[in-house]
Amino acid sequence: DGAAGTATPSEDPPEATATTEEGPPAADAGRLLDKLAILAPDAAPAPPYERDDYDAGGWLDFDSDCQSTRHEVLQRESLTDVTFDESGCFVEEGRWIDAWSGEVLRTAEEATIDHVVPLSHAHAMGAWMWDEDTKHRFANDEDPTALVVVSQPTNSAKGNSPPEEWLPPEESTWCRYADSWVRTKDRWDLPVTVG
C-alpha cells in the first residue's frame, strides 16, 4: 500500500483486462478497507480535473478488436447474447440489470457504464499524479468491480459522488456497491478520506 497522502498507483497497476473471479466475501472487503491509506490532511491539492486526461475523448479499444471498453462491458454483463451493428463493433441490444437500481435495460442506448470510483474522485485522491497511460487504463479498467452497467438516470443521479454522498436506490445492492468501491480503491492504491 502507498503511504497516506501519496496516492500513487501500485508498482504494477492492474492491466486493462476483464476479471472473471468472484469478489471476496464481505469480511474481506472490510479487511481491505482497513488496509487503505487515509489521505493526509496536508496532501498536495489536486489540480483542476479534466476528464479528457482520463478518457482520451472516449472509451478506448486496448485489444484492437474494434470494440471499445464500453462494448466489452456491455457484452460481459448482458444476461443474453448481445446483437451488434453491421460492423460487429457496437453492441445494440442485450439484456442488462442496472447494477444499482435493478431496472431491466434492453438496448445499448439505454445503458451507460458507471465508473464505480468516479474519475474525478480518483483524481482528487491522487490519480492526478499518474502518468497518461495509467489514467487511461484506470478509466477503461474492465474488472467487474470497476465498471458496471447502469441506466442513464442512475448514472446521472450518482454523478461524481462517493458513497458518503450517494448510495444506490436499491438497498439490496449496497453491499455489492461498497465491496466494489473498496476493491477498486485497493487495486489502484487510492486512499480514502475520514471525517
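Residues are classed as buried under 20% relative accessible area, exposed over 50%, and partly exposed in between (1.4 Å probe, protein chains only). The model is predicted, so local features need pLDDT of at least 70 and side-chain atom pairs count only at pLDDT 80 or more, while totals for chains, interfaces and linings use all residues. Residues are numbered from 1 along each chain as its sequence is written, and side-chain values use heavy atoms, with hydrogens and water left out.

By the buried criterion, cysteine 89 is buried, with a relative accessible area of 12%, whereas cysteine 66 is partly exposed at 34% relative accessibility. These two residues are joined by a disulfide (a pair of cysteine sulfur atoms within 2.5 Å), with an S to S distance of 2.1 Å. The structure holds one disulfide. The torsion about its S-S bond is about -110°, and the disulfide is therefore left-handed. Distant parts of the chain are linked by the pair, 23 residues apart: cysteine 66 lies in the loop between helix 2 (52-55) and helix 3 (69-77), and cysteine 89 in the loop between strand 1 (83-84) and strand 2 (91-97). Helices (H or I, at least four residues) and strands (E, at least two) are DSSP runs, numbered from the N terminus. Cysteine 175 is exposed, at 63% relative accessibility.

A nonpolar core is defined as a set of buried Ala, Val, Leu, Ile, Met, Phe, Trp, Tyr and Cys residues joined through side-chain atoms within 4.5 Å. The largest such core has 22 residues, and Trp100, Phe138 and Leu190 have the most contacts inside it. At least two residues of this core are supplied by each of helix 4 (119-124), helix 5 (132-139), strand 5 (147-151) and helix 7 (174-187). Helix 7 gives the largest share, three residues. A second, separate core of 11 residues includes Val82, Trp96, Ala108 and Leu147.

Contacts (heavy atoms within 4.5 Å) were examined for two residues. Leaving aside residues up to four places away in sequence, phenylalanine 138 touches Val117, Leu119, Ala122, Trp130, Thr184, Trp188 and Leu190. Histidine 136, found in helix 5, is buried, with a relative accessible area of 12%. Beyond its neighbours within four places in sequence, histidine 136 is in contact with Asp52, Asp53, Tyr54, Ala56, Leu60 and Phe62.
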